[in-house]
Amino acid sequence: MTDDHRTALGLVTIGQAPRTDLAGDIEDLLGGLRPCEHGALDRDVFDGEEGERTRAALAPAPDEAPLVSRLRDGTSVVMGHEALVPRMREAIARCEADGATATLLLCTGNFPPLPSRRPVLYAEPLVQRGVRAIVGDDPVGIVCPLPAQAADVAERWSRLLPGDVRAEPADPYAADAHESAAAAARRLAEAGSRWLVLDCIGYTESMRRAAADAAGRPVLLARARRSARRRRPRRPPARRAEHTAPPGPGGQRPRHRVRAAPCGRRPARVTSPARAAVSVRA
C-alpha cells in the first residue's frame, strides 16, 4: 500500500511495468487519479537460458492470433492469449491489493472476462466504440503490430464498422517503428481508407504524426490525448426574423424590434478512444 490517498486506477500492461514509453502520454488523462501499474510479465525472467524457456512458454499456439508487448529493457516479446491470461489475472489482483478501485487493461487485444473484485476496463471495446462514433460509414484502415495479426484484426473490426476495413502491420517496438507506421499508413490510404487507426497501446503520438503526414488522412491513436471530431460542412448562420410593430398614435413606429431566436444545436463532440477509457475513473 501507499501513503498517497488519492483514488487509484490500476493499469495492467500485458508486458512488463513500468511502461516508461506510455507514462508521458497518459499522465494528463488521469485527472488526479493515482496510477497503480503492474505488468502481466513482471515476475518472468527473460535473460539467458531461462529467458529462452520463458519465451517458448509464452509463444502462441499455431492457430492462435499473437500478441506483442514491451519489456522493461525496451525489447518486445510475442505471446499467446492462453499463456497470458493467468498472468493478467495475477496483475489485476496486485493492482487491487495496492488499492485500485478499477483496473484498465493496456492492450487492445481481445480477452475473455477476467475475475476481479473491482471493475476491469477492457481497452478493445472502449477503443472500438470510440472509433465507430467518429468514422461513420467511411472505409477505415487499421495498423496493427504483426503481419500474423492482420487477418484477425481486420475481421474483428469488420464486425463493428459498417464501411470497408483493411489492416496493415507495423511493429511499434521496432527500431524503425516511425518509418514502418508511416509506410503502413500510406499503403492503407492508397487502398482507399479515409480514416486510419493505430490499434496498439505501443504506438506513440509521434508515430501518429508520422502516419498522418505520410498518408494525408486523419489518424486515431489508441492512447490518444486529443479529442477527435468528425468534420462537417459549416452551415451559414441562421438569419433572425424581425417583426416590426404596427404604427402607434400619430403614425410613428416604436423603436424596439422583436427578434425570433434561431433554432439549432451544436454537433456532438466525440471524445478520443483513450480519453474515453481513462476518464471512466471508477
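Okay, let's start with Arg208, which counts as buried, with 19% relative accessibility. Keep in mind that this is a predicted model. Arg208 has a salt-bridge partner in Glu205, with the closest N and O atoms 2.9 Å apart. Glu205 is buried too, at 7% relative accessibility. Both sit in helix 7, residues 205-215, three residues apart, so about one helical turn separates them.

How many salt bridges does the count come to? It comes to 14. Let me show you a couple more.

Take Asp21 and Arg223, whose side chains meet at 3.4 Å, N to O. Arg223 is buried at 2% relative accessibility, whereas Asp21 is partly exposed at 22%. These two also belong to a salt-bridge network with Arg19 and Arg70.

Then there's Asp42 with Arg94, a salt bridge at 3.9 Å, N to O. Here the loop between strand 2 (34-39) and helix 2 (48-58) supplies Asp42, and helix 3 (residues 81-97) supplies Arg94, so the pair links parts 52 residues apart in sequence. Asp42 and Arg94 are both buried.

Now, cysteines. The disulfide count is zero. Cys144 is in no disulfide either: its nearest cysteine sulfur, in Cys200, is 9.1 Å away. As for burial, Cys36 is buried at 4% relative accessibility, and Cys144 is buried at 0%.

How values were computed: Residues are numbered from 1 along each chain as its sequence is written. This is a predicted model: local features need pLDDT of at least 70, side-chain atom pairs count only at pLDDT 80 or more; totals for chains, interfaces and linings use all residues. Side-chain values use heavy atoms; hydrogens and water are left out. A disulfide is a pair of cysteine sulfur atoms within 2.5 Å. Buried means under 20% relative accessible area, exposed over 50%, partly exposed in between (1.4 Å probe, protein chains only). A salt bridge is a side-chain nitrogen of Lys or Arg within 4 Å of a carboxyl oxygen of Asp or Glu. Helices (H or I, at least four residues) and strands (E, at least two) are DSSP runs, numbered from the N terminus.
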